[in-house]
Amino acid sequence: RGGSTQTSTATAGGSGFSVTNLADGLARFLVKRTKQELSMAFFNEFKDRIAKDPYLGNFCPLTKAQLAVIDAEVYQFNDYLESLWEAFSADMTALPGSMERYLRDPDLCENCLQKPEGKVLTDLLHIAQQMVNGEAPVEMIGYLAKAESAIQSADSTLSDAKLFNMAGGLRFLNIVSESFQNPDSLGSKNTIMPWYTARKIRETLRDKVVLQIYLGLLWQTARDIKILNDAGNNTETMGELMKKAGTSSDLVQTWQKTILSFSELTQSLQFSLQSSGKTRTTVADDFFAYSQSLTDLLQAVNQTGRLMRGPLSREIIPPEYILLTRQCNALYFNVRQRNFAAAVGNVIYSLNLLHEDLLDREKTKASKALTQEEKDKFEKQRTKSEKARKGIATLLEYANFMAAIAEASSADEMERAIELFALPPGSSSMKKQPHRFSVALNAYTGFAAGAEYLEGQSQPKGFVSLSAPIGLSCSWGIKKIGALGFFVPLIDVGA
């Protein structure tokens, strides 16, 4: 002191043994082990939650299986953490499939495939997979218009007309799509870009006779498609709606603009698809341009609906379904790019939209006079929906942690993710097993405070320091309480 620094090192003979180095090594070990113990305590809690919560189990099946061996592999922490990381990553990669499995499981989502939002979500997940697989957009539109799609199973007797009208709008879109298709593309290698260019369509429809023939064929092909009115109590065919729209003097010019707008959107979709296919891993900007082009094409159906039904009519494809399209597309893209935190957000958004709709329906039922049998059924549905919402909240709580672990590319990043989410409920859980006696070399980390007499000083000096005693412990596990232990400290590394 007094401006100088002195360093003393205790050694034993010529062996090179250093008490300072030993203490430093033990201190580093204790810090690392403390982190591991806190992590294990967190994983134990996670294990209990995932075992009891069916929603976590559905979206994290491999993680659930890995957590089941946490007690057996507690002493191989690093190897265990590596296996857990692999399970996390696999579960995150399988999120789209987990979503579809969730929709089809009546215990998790009762009758979800019979609900409009459930049908839409199922079909959108399907076409999102088609997009990732690089299939032609004409195939996606064709799927949505065919009888095997869930949307096309909508019935006009549904109290909610949104899905029935959406089904009709998609069939109309498919007719327009097929009319733009270049027959020369059917046998070519470039099957992902099957439509004529917007320029070719514009030049062809510039001829008024050709335009009138085209509109006549369009009316003839689409005339039997049915659409419910805004009140949801009557259906009209597109043929009737097109006739009503035909009372306008500028009908031909209006329809010409509408058809050309479709052609511009199909060309934009083709160009964005061609761009996104340049690399094996889709570039973000190109992918979202492709996704945006597809949703713009769906929105064009709404413009056509307003042309036929009036400017103040409801959208044929509701805005929330357009947003759902973007979420499903983004889900597949984020999984492919290993943006797992963003992918989890896509899943949570979709589930919330689905269950908010279910709760809204139940509130509507509750406002009506119900029989006792209907009340019991309603209460059962309400309980299930509330349970689903709680399950989603639990999923959100742990899914961000899972995403952070799965995205970690190094041990340091994984350690930071664990430290961020792990709660500090205690140390080792092994000695707390009921009716188990254990003897172990134990260490505690904490703080020490007091007063001490230093050599040559007559007055005591106060101190506050870290405390890290190492010694032998004997413990008896006691059910529901923890453990009763006896500890004999041998050395305090903190000193």
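Mentor: Start with the surface. The model is predicted, and the accessible surface of the protein comes to about 26,700 Å². Carbon and sulfur atoms hold 54% of that area.

Trainee: How many of the residues count as buried, in percent?

Mentor: The protein has 495 residues. A residue counts as buried under 20% relative accessible area. The share that does is 42%.

Trainee: How many helices and how many strands are there?

Mentor: Both kinds of element occur in the protein. The count is 17 helices and nine strands.

Trainee: What share of the contacts with a separation of 6 or more comes from residues 24 or more positions apart?

Mentor: Take the contacts in the protein with a separation of 6 or more. Then pick those between residues 24 or more positions apart. Their share is 65%.

Trainee: Which strands are the edges of the open sheet of three strands?

Mentor: The order is β5-β8-β9, with antiparallel pairing. An edge strand pairs on one side only. Here the edge strands are β5 (437-443) and β9 (482-492).

Trainee: By what angle are neighbouring strands of this sheet turned against each other on average?

Mentor: Direction is ignored for this value.

Trainee: Which residue in β9 stands opposite Gly471?

Mentor: Strand β8 spans residues 469-478. β8 and β9 pair in the antiparallel sense over 10 bridges. Opposite Gly471 stands Pro489.

Trainee: Are helices α5 and α14 parallel or oblique to each other?

Mentor: The axes of α5 (residues 95-104) and α14 come within 9 Å and cross at roughly 140°. On the α5 side, Leu95, Pro96 and Met99 make the contact. On the α14 side, Leu331, Tyr332 and Val335 do. Angles over 145 degrees count as roughly antiparallel, so at roughly 140° the pair is oblique.

Trainee: What is the phi of Arg338, and is Arg338 buried or partly exposed?

Mentor: Arg338 lies in the loop between α14 (319-336) and α15 (340-366). Most residues other than glycine have a negative phi. Arg338 has a positive phi, near 65°. Its relative accessibility is 38%, so Arg338 counts as partly exposed.

Trainee: Is Cys60 buried or exposed, and what about Cys474?

Mentor: A search of the whole structure finds zero disulfides. Cys60 has 0% relative accessibility, so Cys60 counts as buried. Cys474 has a relative accessible area of 23%, so Cys474 is partly exposed.

Terms used
Residues are numbered from 1 along each chain as its sequence is written. This is a predicted model: local features need pLDDT of at least 70, side-chain atom pairs count only at pLDDT 80 or more; totals for chains, interfaces and linings use all residues. Side-chain values use heavy atoms; hydrogens and water are left out. Two strands pair if DSSP finds at least two bridges between them. Helices (H or I, at least four residues) and strands (E, at least two) are DSSP runs, numbered from the N terminus. Axes are lines fitted to C-alpha atoms, for helices over the stretch in contact, and angles run from 0 to 180 degrees between N-to-C directions. Buried means under 20% relative accessible area, exposed over 50%, partly exposed in between (1.4 Å probe, protein chains only). Contact means heavy atoms within 4.5 Å. Accessible areas come from the Shrake-Rupley method with a 1.4 Å probe; for residues, only the protein chains shown count as cover. A disulfide is a pair of cysteine sulfur atoms within 2.5 Å. Angles under 35 degrees count as roughly parallel, over 145 as roughly antiparallel, 65 to 115 as roughly perpendicular and the rest as oblique.
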